[in-house]
Structure formats: C-alpha cells, structure tokens
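The following note concerns the pockets of the model and its surface near DNA. Please read it alongside the coordinates.

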2 protein chains.
Amino acid sequence: MRIDELDAKIVRLFTEEQRMSVLEASRLLKVARATVQARLDRMTGNGVIGRWVPQPEPRAFGFPVVAFCFLTINQDLGHDAVSKALGDIPEVIEVHTVSGDSDLLARVAARSNSDLQRVLDIMMATRAVVRSSTVIVLNTHFEGRTLPLLEAAART
Amino acid sequence: MRIDELDAKIVRLFTEEQRMSVLEASRLLKVARATVQARLDRMTGNGVIGRWVPQPEPRAFGFPVVAFCFLTINQDLGHDAVSKALGDIPEVIEVHTVSGDSDLLARVAARSNSDLQRVLDIMMATRAVVRSSTVIVLNTHFEGRTLPLLEAAART
DNA sequence: GCGATCCTGAGCAGAATGCGCAGTGCATGT
DNA sequence: ACATGCACTGCGCATTCTGCTCAGGATCGC
C-alpha cells in the first residue's frame, strides 16, 4: 500500500505524543480534521497500523531477562501444533518458523537467569520441542523501531 | 512492581478494543472512573505500559520479509557505536547485544529476499560489522504477546 | 472535457476528559 | 483501641474531542 509523507507525519505525531488528539494533530499539520481521521482510518483498516494498544513491558513487572531460543521440534506434530503448545506458556512472547538449522525461533521472558532455566524446562516438557539452543539478551539497544522505515517508504 | 488483577483486566480491555474509553472501561469493570484513570497513570508512569502508539507493520507497506541477523562486530568500535550505526538504517527494526558466538542480534525488514541482500550489504558497508549470519523468518505465529505474562504476574 | 478521488471548512449532538472534593473502607503502625 | 495513610467512590462542572454529515473546490487520469 502506498504511504505518503502526510501519513508518516501523522503516525510520527501520535507516536511521539500519545496524548495527541485527532483535532490537535490536524492543527499542527495544517490540514482538515477529516483528513487526519480518514488517513488514520485507512491505515488502521489495511493494517499499516497494526496494533495501537498498551504494550506491557515484562522488564517493568518482574521479567527483566529476555532470550531467544532456537528450537528443533518434534516433526510428527507440525509447526502449528507446536506453536500452539508454546502459546500456552505466558513467558513465550513471540514464535516464528525460520530457515536454517532450527525449526522455530522463540522469544521468551524470565524473572532471572535461573528462572529462564525453568521456562526452558516447561518448553521441553511439552514434548513438542526436541532440542533447544538459547541466546541471552544482554542489552537491548532498541526494538520495535518501525517508524523510520515507514518514513523511508513515504519518501519513495 | 506489583500488578493486580484489576490492572490486568484494564490492560486487556484496552488491548482487545482499542476504541475503549476510560469511562466505558470503568462501567464494564464496575469500578469508579477515577480508579481506572489512576491505574492507567500509574502503569504508564512506571513503565509497565511502555508504548501505547500506532505500530506500523512493515509487511503492510511493502516489507514482508523479516530476518534475524547475528553480527560479529568490529571490536574497536564498541557495541554502542555499532548499534548507533545500525540505527541509521531504517530497515533495522531491533538490535540487541547477546551472549554466545555473536555479538549482536538484529531484526531487519526487507522488500524481498533479494532486497534483504541489499540491506545486509548496507550493514556490512558500515565497517562496523565484520561477519553476519542470517536466519529468515518463514512464518510468524505470534509476536508482542505480553498480555498473558502480565495476567500471570497479576495472579501471583 | 469529465468522472473519480481526495481535501476542505463548517456545523451539531453526544460523549469523554481533566479536575476537584468530601466521604468511606481498609490495612498499618503505635 | 486509636490515629494515620492510602486507595476507591460517587458526584459535578467546564472544556474538549469525537463521530457524522454535507457542499464546494482542487487534482489527476483518461
């Protein structure tokens, strides 16, 4: 879908100041309020704006440890069944099927490094996971930074 | 920070229906409006609710390919300088310092598999990255799913 | 030229917000 | 038992925003 600079500016405004109102945004951008409304409706409608919700931050409520786990799964079950089983574990934040040596890549949160061990054990206990290889995140420089890409797409 | 069930219910309401108003939420939960306001202020204040912004979805505006890149960096520069250099590339969505064989883990978006090659070349061209090993995401089962963890934390 | 599409400025009723305030229930510490 | 602090409650008020509509004007492709 085509994005123009106005779209990007609207998203930037609502990103930088989440108390922004549609009316206020229209004033700042010097366009009609209905225009901002229409752009937002269009972008939310076709998925350019996926989620616009309060994102709980695990590190802020007792889960400061993040790790990425490469999983080799039980092929008898299939990817979907395994990802469903992993979905029942609240510590599992994210699951992808990936290329390469492993089958799945999962992002998990934990209370501590030893608690991470507990989470890994839970994953193995589902019998869906045969082998796992874990990489621990030591420092997050940034994440979820999709706005620059949107702005780059707007300029083309 | 301590989270209780009311906190989790509030976040769930605003997550499932993003047009939810504070007033409507207070009616549904049968608590005073001021209580919902106070809980939201508290959670946004101490970071439990990190971002509450429109999240652009790269796949919806021309970047359907996602990959995770393990990077070995030029040690002379240091992690921060390298992550800053990577931050200038809009296709780089996320950067972590990680344990294990590699130094950094980056999530990148691209227009296609061959476009991914272009992005990798840009990263290498910064001279900050010495070696890279890439895993392509074939299918995303879920991501950003932190609400179940918040609810689990609320029950303890 | 002509239609389709988008933007504009305006209006209006309804709803939500920000703010303040006094009262109440509950746990804590003395 | 009592005082203190804290969170929740229910209420009201002025202000602001939203959702919706509509007619007119600009732009673009054909």
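1. In the residue classes used here, Ala, Val, Leu, Ile, Met, Phe, Trp, Tyr, Cys and Pro count as nonpolar, Asp, Glu, Lys and Arg as charged, and the others, Gly among them, as polar. On this basis the surface near DNA strand C divides into 5 nonpolar, 3 polar and 5 charged residues.

2. The model is predicted: local features need pLDDT of at least 70 and side-chain atom pairs pLDDT 80 or more, whereas totals for chains, interfaces and linings use all residues. Residues are numbered from 1 along each chain as its sequence is written.

3. DNA strand C is surrounded by 13 residues (a residue is near the strand if one of its heavy atoms lies within 4 Å of it). The closest are Ala32(A), Thr35(A), Arg39(A), Leu23(B) and Arg33(B).

4. An N or O atom in the side chain of Arg39(A) is 2.4 Å from a phosphate oxygen of DNA strand C. A polar backbone atom of Leu23(B) is 3.1 Å from a phosphate oxygen, while Arg33(B) places a polar side-chain atom 3.0 Å from a base oxygen.

5. Which residues lie nearest the centre of the largest pocket? They are Gln18(A), Met20(A), Trp52(A), Gln18(B) and Trp52(B), out of 22 lining residues. A pocket is an open set of points on a 1 Å grid over the protein atoms alone, where a 1.4 Å probe fits, with protein on both sides within 12 Å along at least five of seven lines; lining residues have an atom within 4 Å of a point. By class, this lining has 10 nonpolar, 8 polar and 4 charged residues.

Technical notes: Chains lettered and ligands numbered in written order. Heavy atoms only, no water. Polar contact = N/O pair within 3.5 Å; in protein donor to acceptor, adjacent residues only side chain to side chain.
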